[in-house]
There are 2 protein chains.
Amino acid sequence: MISLPASLGIGRELSSILGLKHLDIVYKLFPDNESYIRFPAHVGGEDVILVQTTYPNQDKRLIELLLAIDAAVSQGARSVSAVVPYLAYARQDREFIEGEAVSIRVLLRALKRAGLNRIYVIDIHKEDSLTYFGEGAYNIDPAPLFAEVLKNGLHNPLVVAPDLGAERRARSLASLLRADYAVIEKQRDRITGEVTHKLPEDLNVNDRDVVIIDDIISTGGTIAGIAKYLRSLGARRIVVAASHGLFVGNAISRLKASGVNEIYVLKTVEKILSSDNINVLDPASLIAGKLHETLCTCSD
Amino acid sequence: MISLPASLGIGRELSSILGLKHLDIVYKLFPDNESYIRFPAHVGGEDVILVQTTYPNQDKRLIELLLAIDAAVSQGARSVSAVVPYLAYARQDREFIEGEAVSIRVLLRALKRAGLNRIYVIDIHKEDSLTYFGEGAYNIDPAPLFAEVLKNGLHNPLVVAPDLGAERRARSLASLLRADYAVIEKQRDRITGEVTHKLPEDLNVNDRDVVIIDDIISTGGTIAGIAKYLRSLGARRIVVAASHGLFVGNAISRLKASGVNEIYVLKTVEKILSSDNINVLDPASLIAGKLHETLCTCSD
C-alpha cells in the first residue's frame with residue numbers, strides 16, 4: 001500500500017485495517033511545478049496498491065498517478081491497483097455533442113494502458129463508464145455510510161434523486177433506510193430557459209424529512225434548486241448526502257440559503273471546506289471491504 | 001491543423017505557411033477546473049495535426065492533449081500528429097535513483113497509446129528520449145534560428161555547452177556560426193557541496209563573445225553560475241541562447257546580475273516574461289519545415 005501525495009491519509013488507514021505494509025511515496029515539486037515521484041523501496045514481485053485522489057488539481061494528480069503506475073510496472077510489480085476515492089473527469093462519459101472528447105474514457109484507458117490492473121473508485125458518476133477500463137474496475141457504493149448516520153432521527157423519510165442518472169443511488173439508500181424514494185424530473189422552459197423541478201404528482205412531501213442523494217456537489221446549483229422546490233412543497237427537513245463535496249465557489253452558502261439543513265459528504269477530496277452544516281464521513285472501512293472482497297486470495 | 005488552448009498562435013502560422021485548413025478547438029473550463037475539448041468539425045478520414053505546448057500548467061496541457069487525441073481517434077481521423085513546441089517532464093529521462101518514475105517515458109507512451117501517430121517537439125532535453133514514443137517522433141533543432149540572429153556582430157565567438165548533455169547543441173550552433181565550441185565541466189566540492197565550472201585549460205576566453213546554449217532556462221541557476229565564471233575569465237559579451245524560457249522565480253534578474261548581456265529564447269511557452277534583454281524568436285518556420293519534410297506526400 002503506497003500513499004501518493006493526495007492520499008487523504010486513507011492509504012495509512014487502509015493498510016492498518018487490512019494489515020498491509022504501508023509506505024509514503026517520495027514526492028517533490030520541481031521549481032517549474034513538475035511533479036517528481038519515487039518509490040522508497042523496491043516493489044518488484046509485489047502487489048502494489050496506490051492511493052491517490054484527484055481533486056483539486058485534477059490534472060496534476062492524474063499525471064502523478066500515471067507516473068507512479070509506470071514506476072511500479074518498471075520495477076516489476078506483480079500487480080498494480082489504485083484506490084482513487086474521487087475520480088475526476090467522470091461527468092463527460094459520452095459525446096453529448098459530436099466531436100467531444102469523452103474524458104472519462106481517455107483517463108481510464110490511459111491508466112489501464114500504463115499498466116494498472118485494478119482501480120477502485122467511490123461512487124463514480126455513471127457506473128457504466130468503468131467498462132472503458134475493462135476488467136478490474138470497481139465502484140464503491142457509499143449508501144451504507146450514509147445510512148449509518150441517517151438511519152435514526154429521520155421523520156417519515158423520502159429519498160430523492162435529482163435526476164434519472166442518480167436513481168440507483170436513491171434506490172440503494174432508500175432500501176437501507178427502509179424509506180421511499182423518488183426521482184426528480186427536470187424541465188427546461190423552451191423560451192425562458194428556466195429550469196423547473198417536478199416530483200411525481202401523487203407524492204406527498206409535506207412535513208417529511210427529505211434526503212437528496214447525488215454523487216458530486218460542484219457549484220451546488222442543481223441541489224439548491226431542488227431544495228427550494230422541496231421546501232415549497234412543505235418538506236420538514238432537507239438533508240443532502242453526496243459522496244464528493246467539491247463545493248466550488250459559494251456552493252455552501254448557496255445550499256444554506258436554499259433551505260438545506262445538513263450536508264453529508266465523504267472524505268474523498270483534499271481540503272473539504274468546513275461549515276457548521278457539513279459532516280464528513282470516512283470511507284476507509286468501505287474501501288477496505290471492497291479491497292478485501294476483490295483482492296483476498298485466502299482460502300474459504 | 002487544430003489549435004488547442006495553448007497553441008501560442010503557432011497553429012495558425014503553420015497552416016498559413018503550409019496552406020492547410022486551420023481550426024481552433026472548442027474549449028472551456030468547467031467551474032471545478034476540468035477541461036472540456038470539442039472538435040468544431042468532423043475530422044473523420046482527415047490527417048489531423050494538433051498544436052499545444054505544455055508550459056505553464058504542464059499537467060493540464062498534457063491532459064488536454066490526451067483528450068484531443070482521443071476525440072480525433074474516435075472520430076476516425078486517418079492520422080493524428082501533434083506539434084508540442086515545449087514538451088514538459090523531459091528532464092527525468094531515466095532512473096537516476098532506483099524507483100523513480102521516468103516522466104518522459106510515461107508521457108510519450110501515454111500519447112502514443114492514446115493513438116498519436118507523430119509528435120514534433122522543439123529541442124527536447126535528450127533526443128534519445130524520443131525512442132519511448134517509437135517511430136514518428138521528431139526533434140527540431142533550434143540552431144538555425146539562433147544562428148540567423150547571432151551570425152553578425154559576434155566578436156571572435158565561442159559557443160559553450162553547460163554540460164556534456166548539451167554538447168550536440170553547441171556543436172550544431174558552432175558549425176552554423178563557424179565558431180569554436182567547448183563543454184563546461186561541472187565539479188561539486190565533496191565537502192562544501194559548492195559547484196565550480198571549468199573550461200578546457202588551453203581555451204582562451206579573454207575578450208571573446210561567448211554564447212551559452214542550453215535547452216531550458218528554469219531558475220537560471222546553472223547558466224548564471226557559468227556566466228559569472230566566464231566573466232571571471234575575461235569574456236567580452238555573454239549571450240544566452242536557450243529554446244525554452246520558463247524563467248521560474250527571479251531567473252531574469254539572476255541572469256542579469258551574473259553578467260549575461262542578452263538572452264534569446266523561442267516562442268515555445270505561454271507567457272514568456274518580457275525584459276529588455278530577452279529576445280523571443282518565432283519557431284513557426286522551423287516547425288513548418290520539419291512538417292513539410294516528414295508529412296509531404298508530394299511526388300519528387
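Visitor: Which residue in S2(A) is the bridge partner of Ser3(A)?

Guide: This is a predicted model, and the answer should be read as such. Strand S1 of chain A, residues 2–3, runs parallel to S2(A) and is joined to that strand by two bridges. In S2(A), the bridge partner of Ser3(A) is Asp24(A).

Visitor: Which are the edge strands of the open sheet in chain A?

Guide: The open sheet has six strands with parallel pairing, in the order S2-S1-S5-S6-S7-S8 (chain A). An edge strand pairs on one side only. The edge strands of chain A are S2 (23–24) and S8 (137–140).

Visitor: What angle does the direction of helix H2 of chain A make with that of S6(A)?

Guide: Helix H2 of chain A, residues 58–74, packs on the sheet. The strands touched by H2(A) are S5 (47–51) and S6 (79–84) of chain A. With the direction of S6(A), the direction of H2(A) makes an angle of about 160°.

Visitor: How many residues does H2(A) give to the side of chain A that touches chain B?

Guide: Between the chains, 40 residues of chain A are in contact with 40 residues of chain B. Strand S4 (35–38), H2 and helix H3 (103–113) of chain A each supply at least two residues of that side of chain A. By class, the side of chain A that touches chain B holds 21 nonpolar, nine polar and ten charged residues. H2(A) gives the most to this side, and its share is ten residues.

Visitor: Why do the copies meet through the same surface?

Guide: The comparison rests on the interface residues of chain A and of chain B. Of those in chain A, 100% are also interface residues in chain B, so the copies meet through the same surface.

Visitor: Are H2(A) and H2(B) roughly parallel or roughly perpendicular to each other?

Guide: The axes of H2(A) and H2(B) come within 8 Å and cross at roughly 80°. Angles of 65 to 115 degrees count as roughly perpendicular. H2(A) and H2(B) are therefore roughly perpendicular to each other.

Visitor: Which residues of H2(B) make the contact with H3(A)?

Guide: The axes of H3(A) and H2(B) come within 9 Å and cross at roughly 105°. That makes H3(A) roughly perpendicular to H2(B). H3(A) takes part through Ser103(A), Arg105(A), Val106(A) and Ala110(A), and H2(B) through Leu66(B), Leu67(B) and Asp70(B).

Visitor: How many residues of domain 1 of chain A are in contact with domain 2 of chain A?

Guide: The domain assignment gives domain 1 of chain A as 2–140 + 286–295 and domain 2 as 143–281. Taken over C-alpha atoms, 28 Å separate the centres of the two domains. The side of domain 1 that touches domain 2 divides into eight nonpolar, two polar and two charged residues. Facing 14 residues of domain 2, the residues of domain 1 in contact number twelve.

Visitor: Is the peptide bond from Tyr55(A) to Pro56(A) cis or trans?

Guide: Pro56(A) lies in the loop between S5 and H2 of chain A. Omega for the bond from Tyr55(A) to Pro56(A) is near -10°, and the bond is cis.

Visitor: Where does Arg178(A) lie?

Guide: Arg178(A) is not a glycine, although its phi is positive, at about 50°. Arg178(A) lies in the loop between helix H5 (167–177) and strand S10 (180–183) of chain A.

Methods
Residues numbered from 1 in each chain as written. Chains lettered and ligands numbered in written order. Predicted model: local features only at pLDDT ≥ 70, side-chain atom pairs only at ≥ 80, totals over all residues. Pairing = 2+ DSSP bridges. Helix = DSSP H or I, 4+ residues; strand = E, 2+ residues; numbered from the N terminus. Contact = placed C-beta atoms within 7 Å. Axes fitted to C-alpha atoms, helices over the stretch in contact; angles between N-to-C directions. Nonpolar A, V, L, I, M, F, W, Y, C, P; charged D, E, K, R; others polar. Domains from an automatic or database assignment. Parallel < 35°, antiparallel > 145°, perpendicular 65-115°, else oblique.
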